[in-house]
Amino acid sequence: MSEPCDGPGPGEERGRSQRDVPLFVVGCEDDEQDMGQMEAGMKNEMFREEEMEDDEDESPSERQIVVGICAMMKKSKSKPMTQILERLCKFDYIDVVIFPEEVILEEPVEKWPLCDCLISFHSKGFPLDKAVEYAKLRNPLLINDLNMQYFIQDRREVYRILQEEGIDLPRYGVLNRDPDNPEECNLVEGEDHVEVNGEVFPKPFVEKPVCAEDHNVYIYYPTSAGGGSQRLFRKIGSRSSVYSPESSVRKTGSYIYEEFMPTDGTDVKVYTVGPDYAHAEARKSPALDGKVERDSEGKEIRYPVMLTAMEKLVARKVCLAFKQTVCGFDLLRANGHSFVCDVNGFSFVKNSMKYYDDCAKVLGNMVMRELAPQFHIPWSIPMEAEDIPIVPTTSGTMMELRCVIAIIRHGDRTPKQKMKMEVRHPLFFELFEKYGGYKTGKLKLKKPKQLQEVLDIARLLLVELGQHNDCEIEEKKSKLEQLKTVLEMYGHFSGINRKVQLTYLRNGQPKASSEEEDSKKDGPSLLLVLKWGGELTPAGRVQAEELGRAFRCMYPGGQGDYAGFPGCGLLRLHSTYRHDLKIYASDEGRVQMTAAAFAKGLLALEGELTPILVQMVKSANMNGLLDSDSDSLTDCQQKVKARLHEIMQKDQEFSQDDYLKLAPTGSPSLVNSMDVIENPVKTCDKVYALIQSLTSQIRKRLEDPKSSDLQLYHSETLELMLQRWSKLERDFRMKNGRYDISKIPDIYDCIKYDSQHNASLSLEDTLELFRLSRALADIVIPQEYGISKAEKLDIAQAYCVPLLKKIQLDLQRTHEDEAVNKLHPLYSRGVMSPGRHVRTRLYFTSESHVHSLLSIFRYGGLLDEEKDQQWKQAMDYLSAVTELNYMTQIVIMLYEDNNKDPSSEERFHVELHFSPGVKGCEDEENVPLGFGFRPASSEVCEHVSFLEDLSQDQPDQALPVSEPINIQRRSPMIRNRKTGSMEVQTLSQQQFVRSNNSMVCNKKYSPFTLPLHPPLHPALPPAPPHTGSLCSGLFSASALGVSCSAPNLRDYVRTHHHHHRKPPLSPGSLPCQSGFEGCSMVPSIYPLETLHNSLSLKQVDKFLNAVCESSSEVHAKTMKGWSPDVSLQPTAASVFLWIRNFSSPTKPASMA
């Protein structure tokens, strides 16, 4: 970053010539103050000029070099200018004179003060023409060229010059409009793109006025991300941009349209002082949520960051190309490169004493080097080089948190729905061909324009079919009507809501299922699959945002408060560019919105999710990393499904043989569900009857005028709810009287949704339907991913190899990485450990990947249950978990012990944690017993003094335990800590009394803090349960083999949002459906449980290698996605964003 020249001007040793004080006139500190002092100073200066003219015959060594400052008063009297000029005056032989504003504006240039060197620059109201005229008249040394400042005022010229210099800038097009005929221009606007002079810019794109003084820059978002635009402007108070639902571009004025550069919400501002010095600062991008982060003094929070060698070269080129010695410009770090997007001309860094020193030294040396020989002033270039190599120091902390990897299922969603129909109309084949369906035989349509075309065909065919009464056509007609109804929902298209898939069938549909009519015609056809629903609900957004907020407590300083937010440690790490964050999501709308909501909570952002989604969340759909084609099952999966269907079709009670066939792993959750079901066909009969009862009740409600217009959750109507259940009723029982087992997850999905969100309807028998369908689903869903261990592993590898390889890379890359741009240690104020750097990788995905990844850890041979007691208990806990619900998390944490030898296995330490996600309706009594979040060893407590208090103040007291404590189930362990990982308040002298096999804290409102980290030494036995603390928030806290749940997130939010303590609720006072405050019916989330806390990095790496190698065939297939021919172009449906983290550009191919 900064490359300062060292050492003051050499004149300091020689003494001042005939004066003790530098002759330096500066404007007053406040605009309102009178100009008396300035005028007096000016008179002195005029007198000084006459004296210079009279004394020309004196010894040349006494001659002073006069540096003139010619700028508007607001700029010339600013704090940075004052600080720098004061330092510049410390050079012997340099005097500074500031031109008063009224002289600049009103006097002819002949009457302006004389100077040998001129620092002059344009700002609002400045007469640049007069400054150019003055320079021609007096011919001073120009620090910043004046003629080039005309070009800097026009963004078209700036981009032209950058391009000529070979500097990377975003792809752009210029739209010049004639003010008299604004309609006549080369702009074609589509729904998700604009075409400028024949060049297409898909959304997201940026629209900049050509005048650099106009700061009203707009960013337009694609409909798939929610549409609308972000409107940037010059900072007004605490705002720098605002989100607008307007999606159309401006129709008057000339603009530059450019590709949007995804930067994870960070801008880098670079300040040059000559070609060999550049200082860089990062700040939150104004486009992210528009809120300006300010410090206690009201100044925008910025942090100095280090520039790469390539970026230093760019700074040099910009400085020389625009002939501006002092020059500011903006860098965007995206896609593994740095792009210049704006050149501001003369600008100084604010609030950096080190920069003021450097800037004055560089300018002073430059002036002396150029002018000293002319005036015969004895001066030599200082011995110190102008480039000081800057080496960042690492903090010498123990067991430092280095990496957090989390795989998270999306939040609560509406029920997913699907309709299949075989189509043969030429219009469908034309559409299939138009979008390249014949290349792969499959086509996915999500863009609004594409869905509109499907809707147009459906409408046309319905008109054609209007005259026919043929039974077969009638059935097709009902499907076409459903297609039309679903596509017309919401009154507008959004790729997030619906999609149509077309698959080419060479000989038509081979065999009809219950929902596809028999095909009597020969020849090719297309299978049209319409999918809708599955959107993230408001409850899902709240869950994701609150989990994001709770996640902060995993990081150093997680319990304090930063800028009014809990979890100060992460926020401070992140804002000081010591947090390398990347968020990946599959291309499903609900997954992407979950990721955006989580990021909003994690980073304390504000406003709409669309800007956060576009800037922070990368789509990882090009290589199977997080997506899976659910329609193309592996052979193993098809065999497993067939066996599952066969067992579940027996009209008899489960025999011992069935138990062995269906649950060979002996999983308690499966066995319990089989006990509930007894006879699968009889249970399906009951479920079918209950669905019939439900649809009949809904029909009666519809006939009742009072409730026919009733609005259900998420804008659903009773009519739509009836359609949903009627379809399940039709599809579940097939024409041959057998049951379609594949519909069980959908039935459970729907009843779970209605029990939670539409309970106000008070429909009868819903709880019984919930109980039975859940028991069936608890068998069908997990067993679809394999029945035996070998099958589970085989299917899991088919889903997870790319993700596992990516996790392996994430864990390996925590060592020093040139791609990670770090906080600059020499320029950082108030940051005690600039070397601390934490890498976070968050992967948001769907149920299939979470099931598969858990199977890999359970059955892939990571540890031997027989030899490892902790792992055995973890496996028992996982076997008892019935459902991987919304917001299920698998978390891997990596620590480094800097005191251990780098080659030692003890150097890096890995932990594995898990949460089954959202609590269900009847979970409280049946919750499996985990053994909590394991604490760190107490023997490292003496190192706590080395910890940086990341919150820069005393951490808040941790939350009181506000969930009813089930005394029989809690047995707190000693809570110790890992140095460098977490700020900790110890609980001294806290007495626990054992009575009636229970553990009771004798202080009712004890504030327990969350020391999250497990033992440094794997062999440490659990400590005796006599002191300890209860966890508050994300993690469960209990002894080995005993479970407890942390306070649910409702209490977490309540305490943090309102900054006051509430007394613990009495046992039983929380209904199962209660959720976060301010959002009713949002279930809370289970805390994380530790599966293992003493793994070595080598052990984990070896395990991941073995799993990936054993599935080499699968790997070869999926790795095709990594090849260069994969299209990485952004699309409206899913914006593929290779985003650098908040501090590091990385190469696209590496997917850091």
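I looked up helix 10 and found 14 of its 19 residues buried (under 20% relative accessible area, with a 1.4 Å probe and protein chains only), so the rest of the structure largely encloses this helix. The model is predicted: I take local features only at pLDDT of at least 70 and side-chain atom pairs only at pLDDT 80 or more, while totals for chains, interfaces and linings use all residues. Residues are numbered from 1 along each chain as its sequence is written, and side-chain values use heavy atoms, without hydrogens and water.

I count helices as DSSP runs of H or I of at least four residues, and strands as E runs of at least two, numbered from the N terminus.

The expected span is 1.5 Å times one less than the number of residues.

I did likewise for helix 24 (residues 744-757), where the 14 residues should span 20 Å and the end C-alpha atoms are 20 Å apart, in agreement. Of its 14 residues, 13 are buried.

I then read the loop between helix 24 and helix 25 (766-783), where S762 lies. S762 is not a glycine, yet its phi is positive, about 50°. With a relative accessible area of 56%, S762 is exposed (over 50%). D765 is in the loop between helix 24 and helix 25 too, and its phi is positive, near 65°.

Last, I noted a cis peptide bond from K203 to P204, with omega near 5°. P204 sits in the loop between strand 8 (199-202) and strand 9 (205-209).
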